[in-house]
Amino acid sequence: MKNNNDTSSISFTAHYTGYVWHHYGLSGREFATAQGRTYYSLLRPFEYLARGLLGTDIKTTLLQRHYLIDRELEKLIASHPRLQVLELACGLSPRGHRFTRRHAGIRYVEADLPGMVKRKTALLENLGALNARHAVRHCNILDEGTPDSLEAVIAREFSPELPLVVITEGLVNYFELGTISGFWRRLAAALSGFAPGVYLTDIYPEVDTHRFAGLIKSANRSLRVASRSRFTLHFGNDGAMQAHFRALGFADVKVFDPDREDTEAPRARGGAIVRVVRAGN
């Protein structure tokens with residue numbers, strides 16, 4: 001059954017994020033768009049103000065989550081050189097291109113809605129990057145029982161004899177908790193057929209206890225308007241986040257605070273406002 005929730009309208013965030021990754025050396029210029037450069041320039045004064053008031057900004061949170069997900073993916077590949085990877089709502093993420101060039105034994109499938117699939121396919125074709133190990137496919141995480149559903153894509157693209165990791169970055173907070181929890185429950189069931197089956201994602205938690213909670217909530221409301229979405233903060237603390245994933249069928253759940261982890265990302269002076277979750281069977 002088709003769910004009417006759809007994030008295809010959230011285009012400016014994909015362009016902006018893609019440009020941030022390029023600006024900080026995480027991708028080639030092919031992944032940066034003119035729109036992304038425009039958004040990056042327009043937001044610079046607001047980010048300067050945010051760093052002064054909050055001790056962090058959008059770029060910091062983007063880099064924190066990206067580096068942490070990369071670190072966890074590297075660990076999984078070190079243990080499983082033939083790892084299979086599915087990155088949902090891939091947008092202009094350079095991760096698939098970087099990791100398939102770096103690790104010859106993995107298979108990496110990027111998936112998104114049709115508009116982004118067309119753009120990403122053309123981008124990777126121009127780089128000569130698409131092959132049997134690196135592909136782009138259609139997938140709507142809210143579909144059930146269709147060829148573009150999560151379950152159908154996993155069944156078509158991946159061998160249950162090899163481990164699988166599923167990644168979402170910059171996606172889950174655009175859905176209300178009830179909606180995204182339905183996807184998480186289905187994902188836990190789908191990953192149960194792989195040994196191991198692992199999920200990596202970022203989540204922006206509630207900020208009631210953050211010393212700049214009022215300002216962060218105002219910024220959140222602005223993002224909801226700008227992206228025409230229901231961008232929502234989830235979970236009051238890391239323990240609640242961990243318990244929620246376990247209740248949905250993930251047996252092994254770890255929550256990472258970027259400010260307490262060793263990565264190349266900058267620290268947030270006022271406290272990190274994003275978390276990375278690794279959940280598996």
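## Serine 27

In this predicted model, serine 27 is buried, because its relative accessible area of 12% falls under the 20% limit. Serine 27 is placed in the loop that runs between α1 (11-23) and α2 (34-54). Leaving out residues up to four places away in sequence, serine 27 touches Gly18, Trp21, His22 and Pro94.

## Glutamine 84

Glutamine 84 belongs to strand β1. Its relative accessibility is 4%, so glutamine 84 counts as buried. Apart from neighbours within four places in sequence, the residues in contact with glutamine 84 are Arg107, Phe158, Ser159, Leu162, Pro163, Leu164, Val165 and Phe194.

Glutamine 84 can also be placed relative to tyrosine 108, which is 24 residues apart from it along the chain. The C-alpha atoms of glutamine 84 and tyrosine 108 are separated by 6.0 Å.

Helix α3 comprises residues 58-79, 22 residues in total. From first C-alpha to last, α3 reaches 32 Å, close to the 32 Å expected at 1.5 Å a residue. Helix α3 is mostly covered, with 17 of its 22 residues buried.

How do the axes of α3 and helix α4 (residues 95-102) cross? They come within 12 Å and cross at roughly 30°. Angles under 35 degrees count as roughly parallel, and therefore α3 is roughly parallel to α4. The crossing of these two helices, α3 and α4, is right-handed. On the α3 side, the contact is made by His66, Ile69, Asp70, Leu73, Glu74 and Ile77; on the α4 side, by Arg95, Arg98, Phe99 and Arg102. By class, the contact of α3 with α4 has 5 charged, 4 nonpolar and 1 polar residues.

## Helix α7 and its surroundings

Helix α7 spans residues 177-191 and has 15 residues. The reach of α7 from its first C-alpha to its last is 20 Å, close to the 21 Å expected at 1.5 Å a residue.

Which residues of α7 are buried? They are Ile180, Ser181, Phe183, Trp184, Arg186, Leu187, Ala188, Ala190 and Leu191. The elements that cover these buried residues of α7 include the strands β1 (84-88), β4 (164-168) and β5 (197-203), as well as the helices α6 (150-157) and α9 (238-247).

## Packing of α7 with α6

Helices α6 and α7 pack at an angle of about 25°, and their axes are 10 Å apart. Because of this angle, α6 is roughly parallel to α7. The crossing of α6 and α7 is right-handed. Leu150, Glu151 and Ile154 of α6 make the contact with Phe183, Arg186, Leu187 and Ala190 of α7. The residues in the contact of α6 with α7 divide into 5 nonpolar and 2 charged, with no polar residue.

## Packing of α7 with α9

The axes of α7 and α9 come within 10 Å and cross at roughly 50°. This angle is why α7 is described as oblique to α9. The contact is made by Leu177, Ser181, Trp184 and Arg185 of α7 together with His244, Phe245 and Ala247 of α9. Its residues divide into 4 nonpolar, 2 polar and 1 charged.

Technical notes: Residues numbered from 1 in each chain as written. Predicted model: local features only at pLDDT ≥ 70, side-chain atom pairs only at ≥ 80, totals over all residues. Heavy atoms only, no water. Helix = DSSP H or I, 4+ residues; strand = E, 2+ residues; numbered from the N terminus. Expected span 1.5 Å × (residues − 1). Buried < 20%, exposed > 50% of the residue type's maximum accessible area, 1.4 Å probe, protein only. Contact = heavy atoms within 4.5 Å. Axes fitted to C-alpha atoms, helices over the stretch in contact; angles between N-to-C directions. Parallel < 35°, antiparallel > 145°, perpendicular 65-115°, else oblique. Left-handed = near helix turned anticlockwise from the far one by under 90°. Nonpolar A, V, L, I, M, F, W, Y, C, P; charged D, E, K, R; others polar.
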